[in-house]
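Biologist: I have the chain open on my screen and would like to go through it with you. Could you start with the overall layout and then move on to the details?

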Amino acid sequence: MLTVILDRHEHINTAEIQTRLEQEARDWEGSDPSKPPFNVNDVGPFIDMMQVYEAAMYEISTKLEILDSEFDVHFAHDPIHHMERRLKSVNSIVGKLKRRGLELSIPAIKDNLFDIAGIRVICNYRDDVYSVANYLSSQSDIQVLRVKDYIKNPKQNGYRSLHVIYAVPVFLSNGEHYTPVEVQFRTIAMDYWASLEHALRYKSDLPDDRLAEHSQTLLDCARSLQNIETQMQNIHRDINGAPREGDAPSPEGDVDAGRNPIRM
């Protein structure tokens, strides 16, 4: 049997990031004279920063995989159907800074953007959403920075999901860096509804009347799905002893600066 001691592969395309940053710096310089352009000498530190965000993303996802395995052992039930991970692209980071009127700099990114590293956790049932979120939040090295519960308080368009921003330590040669990761917890039904709503809102060129008609239909579907999920959840509770629904995690506030975090 072949033993793999260290599987090295490049997650972050450094050459692509450098090219995009240099282009964004040129574009930025002429777009807003009041804001200084991105310093191309900061390309290396930017790549280092992205590596830390990526490491934090994998730290959280590993914790989630372990929780899912524990549920399977104790309750013969896998609460997590699947997970999706992503790092914000350079274009997305720059676009968000511009929309907020912020300068293109590493401090501005660290202090203002909480969702550079993101994980979407697709669970089977609503109980699973809250159970997994709370078990993750209770771990001693995790801090809960911000919670938005769109399941118990859906958006006006019908969107439902639990958004939690965690701070997790990344241990590097120069010490411990507490780093934010946004985790979106939702059920399978919530996820395919959100995917369709996103496509309708951002990827369609339908006329306004058709767009409004489909938006109303999706709102009706969201309410129907909520009722169906509640009924299926009740059946699941009767045949499975897994933990039941609780409240969303409670935020603890800002990361302790004494822990050498990446400031947000």
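This is a predicted model: local features need pLDDT of at least 70, side-chain atom pairs count only at pLDDT 80 or more; totals for chains, interfaces and linings use all residues.

Biologist: How much of the protein chain counts as buried?

Modeller: Of its 264 residues, 42% count as buried. The chain exposes about 14500 Å², and carbon and sulfur atoms supply 48% of that area.

Biologist: And what share of the contacts join residues at least 24 apart?

Modeller: If we take contacts in the protein chain between residues at least 6 apart in sequence, 72% of them join residues at least 24 apart.

Biologist: Let's turn to helix packing. At what angle do H6 and H7 pack?

Modeller: Helix H6, residues 188-202, and helix H7, residues 208-239, pack at an angle of about 175 degrees, and their axes are 11 Å apart. The two helices H6 and H7 are therefore roughly antiparallel to each other, since an angle over 145 degrees counts as such.

Biologist: Which residues meet there?

Modeller: On the H6 side they are Ala189, Met190, Tyr192, Trp193, Leu196, Glu197 and Leu200, and these meet Leu211, His214, Ser215, Leu218, Cys221, Ala222, Leu225 and Glu229 in H7. Sorted by class, the contact of H6 with H7 has eleven nonpolar, two polar and two charged residues.

Biologist: OK, now H2 and H5, how far apart are their axes?

Modeller: The axes of helix H2, residues 43-75, and helix H5, residues 126-137, are 10 Å apart, and the helices pack at an angle of about 120 degrees. That angle makes H2 oblique to H5.

Biologist: Is that crossing left-handed or right-handed?

Modeller: The crossing of H2 and H5 is right-handed. From H2, the residues Ile60, Lys63, Leu64, Leu67 and Phe71 take part, and from H5 they meet Ser131, Val132, Tyr135 and Leu136. By class, this contact of H2 with H5 has seven nonpolar residues, one polar and one charged.

Biologist: Staying with H2, is alanine 56 buried or exposed?

Modeller: Alanine 56, which is found in helix H2, has 0% relative accessibility and therefore counts as buried.

Biologist: What does it touch?

Modeller: Leaving aside residues up to four places away in sequence, alanine 56 touches Val168, Val170, Thr179 and Val181. Alanine 56 and tyrosine 178 are 122 residues apart in sequence, yet their C-alpha atoms are 8.4 Å apart in space.

Biologist: One more: what phi does alanine 76 have?

Modeller: Alanine 76 has a positive phi of about 50 degrees, although it is not a glycine. Alanine 76 lies in the loop between H2 and strand S1 (80-87).

Biologist: And is alanine 76 buried or exposed?

Modeller: Alanine 76 is exposed, because its relative accessible area is 63%, and the cut-off for exposed is over 50%.

Note on methods
Residues are numbered from 1 along each chain as its sequence is written. Side-chain values use heavy atoms; hydrogens and water are left out. Buried means under 20% relative accessible area, exposed over 50%, partly exposed in between (1.4 Å probe, protein chains only). Contact means heavy atoms within 4.5 Å. Accessible areas come from the Shrake-Rupley method with a 1.4 Å probe; for residues, only the protein chains shown count as cover. Axes are lines fitted to C-alpha atoms, for helices over the stretch in contact, and angles run from 0 to 180 degrees between N-to-C directions. Helices (H or I, at least four residues) and strands (E, at least two) are DSSP runs, numbered from the N terminus. Angles under 35 degrees count as roughly parallel, over 145 as roughly antiparallel, 65 to 115 as roughly perpendicular and the rest as oblique. A crossing is left-handed if the near helix is turned anticlockwise from the far one by less than a right angle, and right-handed if clockwise. Ala, Val, Leu, Ile, Met, Phe, Trp, Tyr, Cys and Pro count as nonpolar, Asp, Glu, Lys and Arg as charged, and the others, Gly among them, as polar.
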